[in-house]
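Good morning, colleagues. Please bring the sequence and the structure up on the screen, and I shall begin with a single residue before turning to the wider architecture.

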Amino acid sequence: MAAEALVELENVRFARGSHPVLAGVDMHIPRGAIVALMGASGGGKTTMLNLMAGTLRPQSGQIRIAGQDLQKLSEDAMYGLRRQMGMLFQHSALFTDLSAFENVAFPLRRHFRLPENLLRKLVMMKLEAVGLRGAAGLFPAELSGGMGRRIALARAVVMDPMLIFYDEPFTGLDPISVGIIASLIKRLNTALGATSVLVSHDVEETFSIADYGFILAGGKIIAEGSPADLRASDSALARQFLGGQPDGPVPFHYPARQDYAAALRDSHAAGEVL
Amino acid sequence: MAMLEFIPQLGRRALQTVPGLGVASRFLLSSLLSVFNRHFSFQQLFRQIYGFGVRSLILMVVAAFFTGMVLGFQGYYALVRFGATSALGTLIALSLLRELGPVLTALLFAGRAGSALTAEISSMKATEQLSAMEMMAVNPLAWVVAPRLWAGIISVPILCAIFDLVGIFGGYLISVPVLGVDGGTFWAQMQSNVTFSGDILTGLFKALCFGVVVTWIAAWKGYTARPTAEGVGNATTLSVVTASLTVLGLDFILTALLFS
């Protein structure tokens with residue numbers, strides 16, 4: 001990872017109440033790369049995206065994007081920086097009262113005063129790039145899950161961002177849509193000269209497009225490297241995650257206060273199941 | 001022993017509530033001040049005034065008409081015993097202008113527009129639309145919350161004025177043609193006993209306060225709802241209940257203050 005880092009995290013800690021989510025994370029994301037953040041559900045991946053996007057603040061540690069320390073930015077400066085970021089949300093987060101066209105046009109209309117014909121061209125270019133120019137007039141309720149995700153992708157990149165976040169972009173989609181989204185992420189990253197951070201637990205699809213990956217467990221990074229490095233990792237946790245084994249360092253059973261036999265005895269005595 | 005438990009519990013509740021009120025007040029203030037934010041849109045404001053105000057008109061007019069007519073009957077029933085039916089116009093006008101107009105407008109507004117406002121904002125939150133907006137560098141307070149808050153604050157006093165007017169007309173229809181009170185006396189008594197600053201403005205000032213409170217509660221409940229289907233439902237119910245009770249409580253405080 002010799003390339004210049006666009007995103008840098010240093011010893012980032014974050015907790016929700018008394019529950020620690022991130023326990024000292026260091027991470028360097030090089031400019032121009034597609035970087036995957038993987039790990040079990042509830043492992044703090046989405047929290048990390050929100051920290052990088054500045055919608056959450058860490059309890060300690062530093063997050064720098066393009067050399068700017070997020071903790072030191074004023075709210076206005078943070079909004080300014082976000083104009084250079086795009087995010088694809090897990091459930092698309094399209095504005096339900098706006099058509100596909102207006103959804104994509106939304107950031108442009110809010111930030112610039114463009115003549116209508118120029119705005120149309122910019123929006124149509126992005127819709128064409130995701131293959132949905134023909135769906136411009138449809139409303140979110142009329143779109144399939146995969147189409148909605150593509151419209152949301154067009155909206156995320158309409159301002160030509162330098163940094164694009166993808167939160168579980170493959171979840172809940174059919175195999176064709178998964179393939180389309182994966183190839184779009186790759187193509188858009190190259191075409192826009194952007195850097196992409198991808199949160200996913202879909203190992204195969206993610207490895208097919210990612211240049212580098214991090215595996216997150218227990219609030220720390222347990223393995224990092226190219227997809228090939230990660231597959232060869234000797235960490236038992238990484239192997240359990242990548243191999244999809246139900247039991248291992250991450251136990252199948254959620255910790256219980258009593259052992260199973262004692263719990264059965266007690267519930268039998270009390271005449272109830274729980 | 002129960003009392004000893006109760007006192008620290010009360011203290012804990014107060015300690016939880018007070019910071020919450022502070023955060024809600026900051027939310028109100030920064031939303032209202034977002035009118036100066038570059039993402040505040042007057043087009044959105046007019047659209048919301050149309051949605052909240054104009055589309056609540058039929059409800060207000062029907063409710064006001066019936067309220068006025070009932071006041072006519074009820075007032076006549078009481079006044080006729082003292083031979084004072086000439087004061088019926090004054091009674092109807094004062095009841096509507098000072099109390100029933102602002103309070104009923106606010107309660108109906110909470111049910112009609114406040115609930116819709118909470119449901120809209122909370123479902124936008126549940127479907128990540130507010131987060132998406134923030135990621136697109138558009139402040140949701142300025143684009144979503146502020147136009148709705150201002151629309152409520154502007155609409156309620158106007159709706160209240162319309163409520164008063166229609167209510168008085170409903171009262172007139174019952175008093176004069178139906179119950180046979182003299183029309184000239186009805187209007188003349190009303191004109192000489194109702195003051196502009198003391199009665200009409202007082203009522204409209206109350207309506208303004210209620211407008212702030214109802215839309216503030218509705219927006220706050222929506223903005224802080226749990227992002228689930230159940231959360232949206234609960235927030236909507238709580239919004240109407242809290243707003244209605246707050247309006248009634250605040251009405252007592254305002255009446256007591258303005259009365260003296």
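A:Glu168 counts as buried because it has 20 C-beta neighbours inside 10 Å. The terms here are as follows: a residue is buried if 20 or more other C-beta atoms lie within 10 Å of its own, exposed if 12 or fewer, and partly exposed in between, with C-beta atoms placed from the backbone. This is a predicted model, in which local features need pLDDT of at least 70 and side-chain atom pairs count only at pLDDT 80 or more, whereas totals for chains, interfaces and linings use all residues. Residues are numbered from 1 along each chain as its sequence is written, and chains are lettered from A and ligands numbered from 1 in the order in which they are written.

A:Glu168 sits in the loop between β7 (163–167) and α6 of chain A. Helices (H or I, at least four residues) and strands (E, at least two) are DSSP runs, numbered from the N terminus. The phi of A:Glu168 is positive, near 45 degrees, in a residue other than glycine. Most residues other than glycine have a negative phi. B:Ala137 is placed in the loop between α5 (129–135) and α6 (140–178) of chain B, and it counts as partly exposed because it has 19 C-beta neighbours inside 10 Å.

Let me turn to chain A as a whole. Its secondary structure comes to 10 helices and 10 strands, and its C-alpha trace spans about 75 × 45 × 35 Å along the principal axes. Of its 274 residues, 38% count as buried. Two residues are in contact if their C-beta atoms, placed from the backbone, lie within 7 Å. Among contacts in chain A between residues at least 6 apart in sequence, 66% join residues at least 24 apart.

The domain assignment, which is automatic or taken from a database, gives chain A a domain 1 (5–84 + 161–270) and a domain 2 (99–160). Their centres, taken over C-alpha atoms, are separated by 27 Å. In the contact between them, domain 1 of chain A supplies 13 residues and domain 2 of chain A supplies 11 residues. Which helix gives the most to the domain 1 side? It is helix α6 (residues 175–192) of chain A, with six residues. That side divides into nine nonpolar, two polar and two charged residues. Here Ala, Val, Leu, Ile, Met, Phe, Trp, Tyr, Cys and Pro count as nonpolar, Asp, Glu, Lys and Arg as charged, and the others, Gly among them, as polar.

Helix α6(A) also packs with helix α5 (residues 145–157) of chain A, at an angle of about 10 degrees and with the axes 10 Å apart. Axes are lines fitted to C-alpha atoms, for helices over the stretch in contact, and angles run from 0 to 180 degrees between N-to-C directions. The two helices are therefore roughly parallel to each other; angles under 35 degrees count as roughly parallel, over 145 as roughly antiparallel, 65 to 115 as roughly perpendicular and the rest as oblique. Among the residues that meet are A:Leu153 in α5(A) and A:Leu184 in α6(A). The contact divides into seven nonpolar, two polar and two charged residues.

Next, the strands. Two strands pair if DSSP finds at least two bridges between them. Strand β9 (residues 212–217) of chain A is largely enclosed by the rest of the structure, because five of its six residues are buried. Strand β3 (residues 34–39) of chain A runs parallel to β9(A), joined by five bridges, with A:Gly39 opposite A:Leu216. Strand β10 (residues 220–225) of chain A pairs with β9(A) in the antiparallel sense, again over five bridges, and A:Ile221 in β10(A) stands opposite A:Leu216. In the hairpin of β9(A) and β10(A), two residues lie between the strands, and A:Gly218 takes a positive phi near 60 degrees.

Finally, the two chains. Their contact takes 15 residues from chain A and 12 residues from chain B. The chain B side has five nonpolar, five polar and two charged residues.
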